[in-house]
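Dear colleague,

I am handing over the structure below, and I would be glad if you looked through it before reading on.

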Amino acid sequence: MKLSIIGTGYVGLTTGTCFSEVGHEVVCVDNNREKVEALLRGEIPIYEPELEELVTKNVNAGRLRFTTSIREGVENSDIIFIAVPTPPQPDGSVDLSFIEKVSHEIALCLTPELGYRIIVDKSTVPVCTGSKVMQTIKRYAPAGVDFDIVSNPEFLREGCAVQDLLNPDRIVIGADSQRAMDMMKRVYQMFHAPIVETDLSSAELIKHAANSFLALKISYINAVSAICERSGGDVELVARGIGMDKRISPYFLHAGLGYGGSCFPKDVKAFIHISDDLGVPFTLLKEVERINQTQLDRFMNRLREKLWILRDKRIAVWGLAFKENTDDVRESVAVNLCRRLCEEKAIVSAFDPKANETAARVLGDAPVTICDDMYECARGAEVLIIATEWKEFANADLVKLKELMHLPIIFDGRNLLHPANAVHAGFEYHSIGRASVYPEKQQ
């Protein structure tokens, strides 16, 4: 089928590329001329495993192309996906101005002669956004235009987005027209995943409800980790014990510094705001958000307990991206940690395998020394903090690391290392909610 994706950000670019990989003809549209020209040169603006290779492959095969013209996308596609940003506003609501603008521009490009078109909300949007898109297009399009609106939320995870898109666990399609539903099912017939058919509003709610529930699991296990620290329990053993229950599952039961990124913080805030607007306050989610916000506070308190005064202490931070396998630092807890350390006048160095450049831009004037090597980052440090769960950090040479550091103290904010290994290498090791050494792992 012929598809267009409006917006070549994280969701749009990966979605368009994966659609082309299964055989669809895809044109990706973006109003940023510099970005489009870079993509035409084969330069990918984000880091995502496998993405660059697939873009090159499908561009060369003629199934994927890039343009700045929405008209070109509308006129040459049966289905038009809207994948533009939906950033949060200060009150937690979602800024839908990009959605409205694109809807207006699509309307001006539609004509009765083009025939039937489907406009799909791929961006994460509040419930009832689809009806607003419908109203906008009806308002500005010529009389007689034949179209439907569909909600098709994405569930990709940064760092494994390509595989999530090519091998989804489910596909949600919200449509109030059987004609639109049938065409959308054709789009996904090569993906071999169960399709959840819903009305428009239910599909819009599913994305916010899903992400908020996952955030709830993270905050829950982080709250449990605090109890473990006070009682002598081990959060990893507790998580394993409860995660083996099929009704719960082990996923997202990993204690750490809290959730971050472009989705969970924004979507939890948005769902709280949506619920308040509907007159059904979601107080449970407000507590989820509070727990997440206080997790870094608890970690900072533990640092102060160990170092007393942070001023002039040399602290190395491994990790700047909000999670592994991405260069995305939006709402990164690691970046917020660096800022907090700088505010207390610590001497901070940091390293990330992929996010050094993006983090440097976000940190701005914060006096963080960005290092090109993880070991050089730790040289002379009095404390090493592991803030992102990269495999490179899990496989670190602890003997070499100890020789480089001024004091052998590790604060593992992602429970990445085996405590026994760190202790046997001569480190004073602190993690989140678990014992320093597991007896069964001692040599």
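Two rings of Phe, Tyr or Trp (for Trp, its six-membered ring) are taken as a pair if their centres lie within 6.5 Å, and the pair is called stacked when the planes are under 30 degrees apart, edge-to-face when they are over 60, and tilted otherwise. By this rule the count comes to 11 aromatic pairs; please keep in mind that this is a predicted model.

One of these pairs is formed by F252 and F264, which is tilted, with 6.0 Å from centre to centre and 50° between the planes. F252 belongs to the loop between helix 10 (235-243) and helix 11 (264-277), whereas F264 lies in helix 11, 12 residues apart from it. F252 counts as partly exposed, at 28% relative accessibility, while F264 counts as buried, at 12%.

Another pair, F351 with F393, is edge-to-face, with 6.3 Å from centre to centre and 65° between the planes. Because F351 lies in strand 10 and F393 in helix 16 (residues 391-394), this pair ties together parts that are 42 residues apart in sequence. F351 is buried at 9% relative accessibility, and F393 is buried with a relative accessible area of 0%. Elsewhere, F19, F81, Y188 and F191 form one aromatic cluster.

Rings also meet charges here: the charged end of R179 sits over the ring of Y116, 3.5 Å from its centre, and the charged end of K400 sits over the ring of Y375, 4.2 Å from its centre.

Strand 10, which holds F351, is part of an open sheet of six strands, paired in parallel in the order 11-10-9-12-13-14. Its edge strands are strand 11 (368-370) and strand 14 (428-430), each of which pairs on one side only, and neighbouring strands of the sheet are turned by 20° against each other on average, direction ignored. Strand 10 (residues 347-351) and strand 11 run parallel and are joined by three bridges, with S349 standing opposite T369 in strand 11. Helix 12 (residues 283-307) packs on the sheet and touches strand 9, strand 12, strand 13 and strand 14, its direction making about 170° with that of strand 13.

Leaving aside residues up to four places away in sequence, its contacts include L320, F322, V335 and A359, and the C-alpha atoms of V329 and A359, 30 residues apart along the chain, are separated by 6.1 Å.

Note on methods. Residues are numbered from 1 along each chain as its sequence is written. This is a predicted model: local features need pLDDT of at least 70, side-chain atom pairs count only at pLDDT 80 or more; totals for chains, interfaces and linings use all residues. Side-chain values use heavy atoms; hydrogens and water are left out. Contact means heavy atoms within 4.5 Å. Two strands pair if DSSP finds at least two bridges between them. Helices (H or I, at least four residues) and strands (E, at least two) are DSSP runs, numbered from the N terminus. Axes are lines fitted to C-alpha atoms, for helices over the stretch in contact, and angles run from 0 to 180 degrees between N-to-C directions. Buried means under 20% relative accessible area, exposed over 50%, partly exposed in between (1.4 Å probe, protein chains only). A charge sits over a ring if NZ of Lys or CZ of Arg is within 6 Å of the ring centre and within 35 degrees of the ring normal.
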